[in-house]
Amino acid sequence: MNRYWPIAREALTIGSPFGPREGGFHAGQDFPAPDGTPIYACAGGTVLYLGAASGYGEWIVIDHPSADGGGVSEYGHMWDAHATGLSVGDRVEAGQLIAYVGNNGGSTGPHLHLSVMPYGYDPDAKIDPMGWLGAAGFPEEEFFWALSDDEQRELLDRTRAVWAQLCGPVGAGWPQLGRNPNGTDRTVVDALAALPPVRHATPPPVKRPG
C-alpha cells in the first residue's frame with residue numbers, strides 16, 4: 001500500500017486545516033497552489049464521482065479498496081474534473097496525475113481541498129486528511145528507490161552509456177559540432193546549452209467560468 005501527498009513537494013503548501021473555521025467546520029485540508037498545479041491521487045482506487053459538485057465547483061472522488069489502504073478521498077475546486085481524461089469507474093494508481101488545481105466553487109483562491117472518509121463514502125464521517133496521509137511519499141519521486149538493487153545498477157549503467165555517447169569519443173566531444181571557447185570540441189550537451197532560448201508568444205489569458 002502506497003500513499004502520496006496530492007501535490008508535488010516543490011508546490012506543497014499546507015493551508016486551512018481540518019476543524020472549526022469561522023463559526024463552522026472545515027471538513028478537509030486545503031493545499032494552496034498556483035492555478036493549474038498538478039493534483040495526484042493519494043492512493044490507488046476507482047473513480048466514484050467526477051464532475052460538478054455543490055460548493056466544490058468540480059470534484060473527483062476516489063474509492064480506495066482495502067488493498068490500497070481503504071477509505072475514500074475527495075478532491076475539490078478544480079476547473080475541469082475531466083481535464084486528464086478520467087471517467088467514473090476508471091482505476092487510478094497511487095501518485096497518478098488526476099487533475100489540476102483551480103479556484104472553482106466556494107473558493108477564495110486557487111487551492112486543492114482534500115477530504116477523507118475512512119470507511120466508504122459518507123460525508124458525515126470525514127476525518128483529518130493529515131492523519132490519514134501519515135508518512136506519505138511524494139508523487140514522481142520514488143521510482144528509483146522502488147527498483148531492486150540489480151535494476152538500479154542497470155539503470156545507472158545505461159544512463160552512463162547514454163551520457164558517454166552524448167559526450168563523444170572518450171568524453172572529448174565531436175569535431176563536427178564545433179568548438180567551445182576554450183578550444184575543446186563540443187559535446188552534444190555543449191551544443192544544446194549554446195542554443196538561444198526559444199521565445200514563445202504569450203498566450204491570451206484563459207477565461208474561467210463564473
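Glutamate 22 sits in the loop between strand 1 (19-21) and strand 2 (24-26). Strands here are DSSP runs of E with at least two residues, helices are runs of H or I with at least four, and both are numbered from the N terminus. The model is predicted: local features need pLDDT of at least 70, side-chain atom pairs count only at pLDDT 80 or more, and totals for chains, interfaces and linings use all residues. Residues are numbered from 1 along each chain as its sequence is written, and side-chain values use heavy atoms, with hydrogens and water left out.

Glutamate 22 has a phi near 50°, a positive value in a residue other than glycine. Most residues other than glycine have a negative phi. Glutamate 22 is exposed because its relative accessible area is 81%; exposed means over 50%, buried under 20%, and partly exposed in between (1.4 Å probe, protein chains only).

Histidine 77 also has a positive phi, of about 85°, although it is not a glycine. It lies in the loop between strand 7 (72-76) and strand 8 (91-92). Histidine 77 is buried, with a relative accessible area of 4%.

**Overall layout**

The chain has four helices and ten strands. From the N terminus on, the order is β-β-β-β-β-β-β-β-β-β-α-α-α-α. Of its 210 residues, 38% count as buried.

**The largest pocket**

Glutamate 22 and histidine 77 both belong to the lining of the largest pocket. Rolling a probe the size of a water molecule over the atoms shows where empty space is left. A pocket is an open set of points on a 1 Å grid over the protein atoms alone, where a 1.4 Å probe fits, with protein on both sides within 12 Å along at least five of seven lines; lining residues have an atom within 4 Å of a point. The largest pocket holds about 160 Å³ of space. That volume is the space filled by probe spheres set on the points, which are joined across faces, edges and corners.

By class, the lining has no nonpolar, eight polar and three charged residues. Asp, Glu, Lys and Arg count as charged; Ala, Val, Leu, Ile, Met, Phe, Trp, Tyr, Cys and Pro count as nonpolar; the others, Gly among them, count as polar.

Glycine 106 is in the loop between strand 9 and strand 10. At 61% relative accessibility, glycine 106 is exposed. Its C-alpha atom is separated by 7.8 Å from that of histidine 77, 29 residues apart along the chain.

Aspartate 30 lies in strand 3 (residues 29-32). It is buried, at a relative accessible area of 8%. Histidine 111 lies in strand 10. It too counts as buried, at 9% relative accessibility.

**Polar contacts**

A polar contact is a pair of N or O atoms within 3.5 Å; within protein, one must be able to donate a hydrogen and the other to accept it, and residues adjacent in sequence count only if both atoms are side-chain atoms.

| Side chain | Partner side chain | Distance |
|---|---|---|
| Aspartate 30 | Arginine 21 | 3.5 Å |
| Histidine 111 | Serine 107 | 3.2 Å |
| Glutamate 154 | Arginine 158 | 2.7 Å |

Glutamate 154 is found in helix 3 (residues 149-167). It is partly exposed, with a relative accessible area of 39%.

**Nonpolar cores**

In soluble globular proteins, nonpolar side chains tend to be buried together. A nonpolar core is a set of buried Ala, Val, Leu, Ile, Met, Phe, Trp, Tyr and Cys residues joined through side-chain atoms within 4.5 Å. The largest has 27 residues, and those with the most contacts inside it are Ile39, Ile60, Tyr75, Ile98 and Leu133. Two or more residues each come from strand 5 (45-53), strand 6 (57-63), strand 9 (97-100), strand 10 (111-117) and helix 1 (129-133). Strand 10 gives the largest share, three residues. Another core, of six residues, lies apart from it and includes Ala53, Tyr56, Trp59 and Val72.

**Cysteines**

The whole structure has zero disulfides, a disulfide being a pair of cysteine sulfur atoms within 2.5 Å. Cysteine 42 is buried, at 0% relative accessibility. Cysteine 167 is buried at 13%.
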